[in-house]
Amino acid sequence: PRRNRIIVGMSLAVVVIEGELRSGSLVSARLAGEEGRQLLAVPGRAFDKLAAGPLSLLRDGAAMACQPEDIVHELPEPDCSELLAALAMKEGDSSHAGLDADTRELLDLLPVHDELTLDAILDTSALPPGRILRCLFTLELAGRIHHLPGNRYCRASPR
């Protein structure tokens with residue numbers, strides 16, 4: 001629960017994908033409500049016990065998340081145009097079209113045939129951590145980078 005509180009506190013929104021009625025996912029959902037964070041849930045099969053948590057959240061008024069655009073549209077930011085533009089971009093497009101200066105800078109920071117840890121990106125970039133995370137999210141939604149286990153990032157292979 002302490003880790004969940006920290007994660008929720010750093011988040012704009014919480015998306016519950018699966019969880020039983022008594023689970024860490026619902027602890028995070030409750031904390032999100034207490035912290036005034038946007039809450040979304042992914043619907044699951046009606047009789048799957050791991051879908052019981054998200055289905056109960058939906059019944060209680062959580063926003064439904066079926067695709068990335070659903071999440072972006074629910075973010076409390078006043079202008080999510082760069083995230084929406086990222087979703088509209090073709091995967092594997094190697095140009096920088098549609099990316100703002102900070103996001104282009106971050107993409108150029110990632111080596112073509114290697115990966116960087118989040119810590120290395122934070123140390124290398126002059127951008128504030130919150131802006132770096134938002135740019136990484138934008139690039140991931142656009143299919144330009146991959147988020148790997150261990151908080152590592154690499155460029156996506158061009159198609």
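Mentor: A residue counts as exposed when its relative accessible area is over 50%, and as buried when that area is under 20%. The model before us is predicted.

Trainee: Is Cys 66 buried or exposed?

Mentor: Cys 66 has a relative accessibility of 56%, and therefore counts as exposed. Cys 135, by contrast, is buried, because its relative accessible area is 0%.

Trainee: How many disulfides does the structure hold?

Mentor: In general, a disulfide is a covalent bond that links the sulfur atoms of two cysteines. In this structure the count is zero.

Trainee: Which residues of helix H6 are buried?

Mentor: Helix H6 spans residues 101–109, and Thr 103, Leu 106 and Leu 107 are buried there. These residues lie on the same side of H6, because they cover an arc of only 100° around the axis.

Trainee: Which residue caps the N-terminal end of H6?

Mentor: That residue is Asp 100, with a side-chain oxygen 3.1 Å from the backbone nitrogen of Asp 102.

Trainee: What is the order of the strands in the open sheet?

Mentor: Its three strands follow the order E4-E6-E5, and the pairing is antiparallel. The edges are formed by E4 (115–117) and E5 (145–148); each has a single partner strand, so one side of each lacks a neighbour in the sheet. On average, neighbouring strands of this sheet are turned by 25° against each other, direction ignored.

Trainee: How many bridges join E5 to E6?

Mentor: Four bridges connect E5 with E6 (residues 152–155), and the two strands run antiparallel. Opposite Arg 152 in E6 stands Leu 148.

Terms used:
Residues are numbered from 1 along each chain as its sequence is written. This is a predicted model: local features need pLDDT of at least 70, side-chain atom pairs count only at pLDDT 80 or more; totals for chains, interfaces and linings use all residues. Side-chain values use heavy atoms; hydrogens and water are left out. Buried means under 20% relative accessible area, exposed over 50%, partly exposed in between (1.4 Å probe, protein chains only). The arc is that of the directions from the helix axis to the C-beta atoms. A polar contact is a pair of N or O atoms within 3.5 Å; within protein, one must be able to donate a hydrogen and the other to accept it, and residues adjacent in sequence count only if both atoms are side-chain atoms. Two strands pair if DSSP finds at least two bridges between them. Axes are lines fitted to C-alpha atoms, for helices over the stretch in contact, and angles run from 0 to 180 degrees between N-to-C directions. A disulfide is a pair of cysteine sulfur atoms within 2.5 Å.
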